[in-house]
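This briefing is for a reader meeting the structure for the first time. Please look over the sequence and the structure, then read the notes by topic.

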Amino acid sequence: MINRFLTDIRKYFSFSVTSARSQLKTEVASSYLNWIWWILDPLCFMLIYTYIFGYVFKSNEQYFPVFIFVGLSMWDFFNHTLKSSVKIVKRNKSVVSRVYFPKYILIVAQLLADAFKMAISFGIVVLMMIFFKIPISWNVLFFIPIIATLMLFTFGCSCIVMHFGVYVEDLSNVVNIALRFLFYLTGIFYNIKKRIPDIGAYLNDFNPLASLISAMRDCLIYCRTPNLLFLGIWFAVSVVLAVCGVALVYKEENSYLKAV
Amino acid sequence: MSEYAIEVENLCVNYKSLKSYSIKKNLLLGKRNKTQICEAVKNVSFKVKKGEILGIVGKNGSGKSTMLRAIAGIFAPNSGTVDLHGNSISLLAIGIGFQKELSGRDNIVLSGMLLGFTKEQINEKMEQIIEFSELGDFIDAPVRTYSSGMHSKLAFSITAILETQIILIDEVLSVGDARFKKKSYKKMKELITDEDRTVVIVSHDHKTIADLCDKVLWINDGELVQFGETEAVLAAYDEYMK
């Protein structure tokens with residue numbers, strides 16, 4: 001299966017890149033402020049959260065706007081990719097019914113489009129780090145393994161969600177609720193360890209998103225080495241999820257077209 | 001190389017009633033979907049020689065489109081095999097193949113890539129495709145704004161210009177206005193005279209089949225009724241349809 005996966009990825013990768021690019025292009029073409037939205041969107045949410053939680057609820061994190069922005073960038077990537085995956089086969093019915101290709105390629109394309117937006121977000125993070133004169137250390141290099149884990153984790157989850165989304169009509173409602181719950185448990189706009197007594201520390205480690213986001217904050221903002229044990233564990237879990245997801249898709253994808 | 005381009009053996013395709021269901025219906029009402037199995041194609045075998053044109057006839061719902069999809073590899077057969085001997089293949093059918101939000105140009109590139117062409121090859125043929133499709137400036141507008149005629153013209157042009165070794169055509173030869181029809185018919189003939197090109201046509205238009213095809217396959221309710229020379233099969237089919 002690994003071999004088949006590698007040849008398929010090689011064969012269809014340029015397709016997913018082109019597909020992601022045209023998807024972004026369409027998004028741009030169909031709005032007035034076009035690509036400015038990719039910057040404006042996270043920026044506005046960051047301002048809202050900074051206002052609400054910084055002033056109204058008196059959060060006192062150091063570099064609070066950057067703290068939020070890092071969390072938001074990573075969360076948006078995961079959230080958007082996963083949400084889109086639920087109905088992705090149905091949305092691409094026209095292509096799916098025309099020619100055979102491994103269906104997770106659709107997810108790869110979606111992932112790339114969202115990764116591009118996340119890259120813009122992190123570009124803003126860099127600007128903010130300069131603006132706030134945040135000291136940096138060699139720990140920023142952990143950026144790479146953390147992002148890799150996040151992508152792999154998102155890919156695995158999306159494959160599985162895509163598979164069930166084909167058959168279960170109202171899965172998107174369930175996914176939306178689950179994601180909203182996870183959003184509040186992830187501590188995008190508060191420090192999960194400080195704000196939730198007792199279980200906060202566990203939540204920080206055992207919620208994959210919270211774990212990855214706090215690792216990212218550690219290495220980018222606070223010059224700390226992230227918790228390598230949990231980064232390793234979540235990487236391993238992501239690999240398993242991705243392998244399961246791809247295996248599931250390979251096994252079942254032929255009947256997708258009959259259901260949509 | 002083998003002299004056959006398509007070898008289909010004991011092909012069976014079933015549709016399970018894989019209706020998508022809602023969680024509410026299943027969990028709250030405790031209703032289970034009955035699994036009904038519908039056999040769309042039953043035990044069909046045939047071979048098509050390289051360069052040959054095969055016509056497929058049969059009444060609506062007899063499994064023609066399903067069979068084409070199985071040959072194109074979009075469905076896996078439930079049993080039996082389809083051997084294409086490594087030839088590239090493309091399927092042309094009504095109303096499929098485009099992402100509605102993207103422009104015609106993007107769709108040409110994406111469709112081409114899925115058919116196994118590289119970006120360079122597609123860009124080389126881009127002008128030719130646009131010209132053949134007669135879409136002009138509309139090529140940069142989103143496909144959702146196209147009329148159904150324009151839609152089909154674009155689909156046909158992609159398949160006709162980006163030549164794959166096997167072309168499967170599902171009821172689309174009668175698209176577009178009179179002029180485009182003539183043009184596509186001519187193009188079809190051109191492709192057909194090409195020694196290396198194998199074509200499978202599904203059509204309800206007898207004239208087309210009689211005119212273009214070397215052999216005809218008649219299926220009814222998923223079963224092979226007759227496979228042979230064009231005239232003999234068409235005559236028998238006409239008799240049946242009366």
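In strand β7 of chain B, Val202(B) is the bridge partner of Asp170(B). That pairing belongs to a predicted model, which scores ipTM 0.73 and pTM 0.83.

- Strand β6 of chain B covers residues 166-170, and strand β7 of chain B covers residues 198-202; the two pair in the parallel sense over five bridges.
- Besides the pair of Asp170(B) and Val202(B), Ile169(B) stands opposite Ile201(B) in β7(B).
- Strand β3 of chain B, residues 53-57, also runs parallel to β7(B) and is joined to it by four bridges.
- Here Leu54(B) is the residue that stands opposite Val200(B) in β7(B).

- β6(B) is mostly covered, with five of its five residues buried.
- One side of β6(B) carries Ile166(B), Leu168(B) and Asp170(B), the other carries Ile167(B) and Ile169(B), and all of these are buried, so that both faces are covered.
- β7(B) is largely enclosed by the rest of the structure, because five of its five residues are buried.
- Both faces of β7(B) are covered as well: Thr198(B), Val200(B) and Val202(B) are buried on one side, and Val199(B) and Ile201(B) are buried on the other.

**Confidence in chain B**

- The average pLDDT of chain B is 79, and 86% of the residues score at least 70.
- Among the elements of chain B, the lowest mean pLDDT, 61, belongs to helix α1 (residues 23-28).
- The highest mean, 87, belongs to helix α4 (residues 119-133) of chain B.

**Domains of chain B**

- Chain B is assigned two domains: domain 1 (4-87 + 165-241) and domain 2 (97-164).
- The contact between them takes 11 residues from domain 1 of chain B and nine residues from domain 2 of chain B.
- On the side of domain 1 that touches domain 2, β6 and α6 (178-193) of chain B each supply at least two residues.
- α6(B) gives the most to that side of domain 1, with four residues.
- By class, this side of domain 1 divides into six nonpolar, three polar and two charged residues.

**Chain A**

- Chain A has 13 helices and zero strands.
- The radius of gyration of chain A is 19 Å, which agrees with the value near 18 Å that a compact globule of 260 residues would have.
- Along the principal axes, the C-alpha atoms of chain A fill a box of roughly 55 × 45 × 35 Å.
- Of the 260 residues in chain A, 37% are buried.
- Among contacts in chain A with a separation of 6 or more, 79% are between residues 24 or more positions apart.

**Contact between chains A and B**

- Chain A puts 24 residues into the contact, and chain B puts in 26 residues.
- On the side of chain A that touches chain B, α1 (2-29), α5 (93-96), α7 (143-167) and α13 (256-259) of chain A each supply at least two residues.
- α1(A) gives the most to this side, with six residues.
- The side of chain A that touches chain B has 11 nonpolar, nine polar and four charged residues.

Key: Residues are numbered from 1 along each chain as its sequence is written. Chains are lettered from A and ligands numbered from 1 in the order in which they are written. This is a predicted model: local features need pLDDT of at least 70, side-chain atom pairs count only at pLDDT 80 or more; totals for chains, interfaces and linings use all residues. pLDDT is the predictor's confidence in each residue, from 0 to 100. A residue is buried if 20 or more other C-beta atoms lie within 10 Å of its own, exposed if 12 or fewer, and partly exposed in between; C-beta atoms are placed from the backbone. Two strands pair if DSSP finds at least two bridges between them. The radius of gyration is taken over C-alpha atoms; the globule rule is 2.2 Å times the number of residues to the power 0.38. Two residues are in contact if their C-beta atoms, placed from the backbone, lie within 7 Å. Ala, Val, Leu, Ile, Met, Phe, Trp, Tyr, Cys and Pro count as nonpolar, Asp, Glu, Lys and Arg as charged, and the others, Gly among them, as polar. Domain bounds come from an automatic or database domain assignment.
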